[in-house]
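Here's a quick tour of some ring contacts and a pocket. Have the model open and follow along.

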Amino acid sequence: MRKLKEFIIEKLILICGLASIFFVVLIFLFLLKEGLAVFSTVSPFKFLFGKNWYPISDPPQLGILPLILGSLLVTLGAAIISIPIGVGCAVYIAEVAPANLKEILKAGIELLAAIPSVVLGFIGMVTLVPFVKTFFHLPTGLTALSGSIMLAFMAMPTIVSIAEDALYSVPKTYKEGAFALGATHWQTIHRVMLPAASRGIVAAIMLGIGRVIGETMAVMMITGNAAVMPNSIFAPVRTLTATIAAEMGEAVVGSEHYFALFAIGIVLFIISFAINVTADLFLHKRQ
Amino acid sequence: MVNPVRNKKLEETSGRNNQETISNGVKFEIHDLNIWFGPAQVIKHVNMEIRSNEILSVIGPANSGKTTFLRALNRLNELNTNYRITGAIELEREDIRGIKVEELRRKIGMVFALPLPLPLSIFDNVAYGIRMHGERGKKKLEEKVEETLRQAYLWEEVKDRLSESAFKLSGGQQQRLCIARTLAVRPEVVLFDEPCSGLDPISTAKVEDAMVKFKEKFTIVLVTNNVKQAARVGDKTAFFLNGELVELDKTDRIFTAPQDKRTDGYVRGKFG
């Protein structure tokens, strides 16, 4: 009886374990099947590097370069803003802040993480967008820059909390060792604490960027959604994710447009995967 | 208790030292030192002098305050927020609270119980302190690193693998690396906090040899749980119990004719 129970539980856990892999494989296969179909009408090169995205003209022009650049531009901008602020914030919380302020800051960061992205996008639309418009004297505030700033706010909680954890878990003895050598607080932080926590900090940054690349709702609301080649960070752009979200509803199932959207999904998948692999390689090289 | 050969050696050492002591200046003067962590008083009314170019061994059972005493000398206790201190510690007649803490810690190096290399290469571990105190020239840096590694009896073992991670060294090598790192900034005093507690006897002997050699250049304070180690390397020995300094005297006197019964009991291994 006992043995039977053990057996059943063991198998149940096995099934749970396999299920996650099974579903991932299933999703990936589906994505491939639907997405690769588009390449029967348009060459992969033309798809990736075509400058025109007119999916419903006749014949449809399916070049996603403007979308890829849109995503990269917004992500890059968000990374440039959020990485220094996020890591700096983590260092402040982990190393400098007095105990009570530390708690307040941590609670604040968690609150920031709890804001749904659509709400953040909405607030960005009514506050940030007009601000960017008047501040830079632009015809419209719906630009890649607005998206970057907004997404930086979304990446920040991830970066701060994970980087702070990484710094916190650096053994106290390292710090004492550096202090005992006559290092100042800042020397200790930048020559000992940051290198020792670098793995965790890189992971934090990668996860933050991962969140930015995958974000859909907020960018759709404030980047202007113009699927044209962006010529600067002050121009409206459209990201890969926003394209799928905006157009999937109206694409005719089985049409070229429909397959193209799935192919965009594959591209997104590859980008995310590449980010994770790079992070992984970097992390393991450090050790 | 102490074996005769060892004892004889001790007498020789301290005999030679007697003459030196006359010329030796006072390095530390400690007046009525009291230390609390929160409500608990861990050091009680300690008065003592530590002289230059001597090894002072500090012995005592666990919780006797010896490590706290040691960490008071380079103000490392101040990392604890609930730490409170009264009395005065003077380094060459200057109150250590008046010295910039980084400067103080450069003058007073410290070697910890567990070897704790920084997460850097062997070379960078030693170069760390040198760089921190302003030396940038590559050639100069290399010279200094080699010189210090030789002083710590480590050069021969690591000269071909300086760029490897310090974590790849054995425990004994790591500890000598930490000693080299401490020496690299040219301190005046080196504090050893149970430096051999995790080491095998051969590594311990190497570290002890190094310490005896160092006292020509530095003042050494050695906290140790190993009473025999205190007898082997200490010129003077201080016995702490429950935060009080029970007795401080020449090492051979502490081990052969202690004035206090409690000291006698401890060095004979009756408790602790």
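## A charge over a ring

In this predicted model, Arg84(B) sits over the face of Trp36(B), 4.2 Å from the ring centre.

## Aromatic pairs

Searching the whole structure turns up 15 aromatic pairs over all chains. One of them joins Phe269(A) and Phe273(A), which are stacked, with 6.3 Å centre to centre and 5° between the planes. Both residues belong to helix H12 (residues 256-286) of chain A, where they are four residues apart, or about one turn of the helix. Phe269(A) has 36% relative accessibility, so it counts as partly exposed.

Now look at chain B. The ring centres of Phe69(B) and Phe240(B) are 5.1 Å apart and the planes meet at 40°, so this pair is tilted. Phe69(B) comes from helix H2 (residues 66-73) of chain B and Phe240(B) from strand S9 (residues 236-241) of chain B, so the pair ties together parts 171 residues apart in sequence. Both Phe69(B) and Phe240(B) are buried.

Back in chain A, there's an aromatic cluster made up of Phe30(A), Tyr258(A), Phe259(A) and Phe262(A).

## The largest pocket

The largest pocket holds about 650 Å³ of space. It is lined by 25 residues, and the closest to its centre are Ala94(A), Glu95(A), Lys102(A), Lys175(A) and Leu79(B). Elements giving two or more residues to the lining include helix H3 (65-96) and helix H4 (99-114) of chain A, along with helix H3 (101-107) of chain B.

Which element gives the largest share of the lining? That's H7(A), with four residues. By type, the lining residues split into 13 nonpolar, four polar and eight charged.

Technical notes. Residues numbered from 1 in each chain as written. Chains lettered and ligands numbered in written order. Predicted model: local features only at pLDDT ≥ 70, side-chain atom pairs only at ≥ 80, totals over all residues. Heavy atoms only, no water. Phe/Tyr/Trp six-rings, centres within 6.5 Å; stacked < 30°, edge-to-face > 60°. Buried < 20%, exposed > 50% of the residue type's maximum accessible area, 1.4 Å probe, protein only. Lys NZ or Arg CZ within 6 Å of the ring centre and 35° of its normal. 1 Å grid on protein atoms, 1.4 Å probe; cavity = no way out; pocket = protein on both sides within 12 Å on 5 of 7 lines; lining within 4 Å. Points joined across faces, edges and corners; volume = space filled by probe spheres on them. Nonpolar A, V, L, I, M, F, W, Y, C, P; charged D, E, K, R; others polar.
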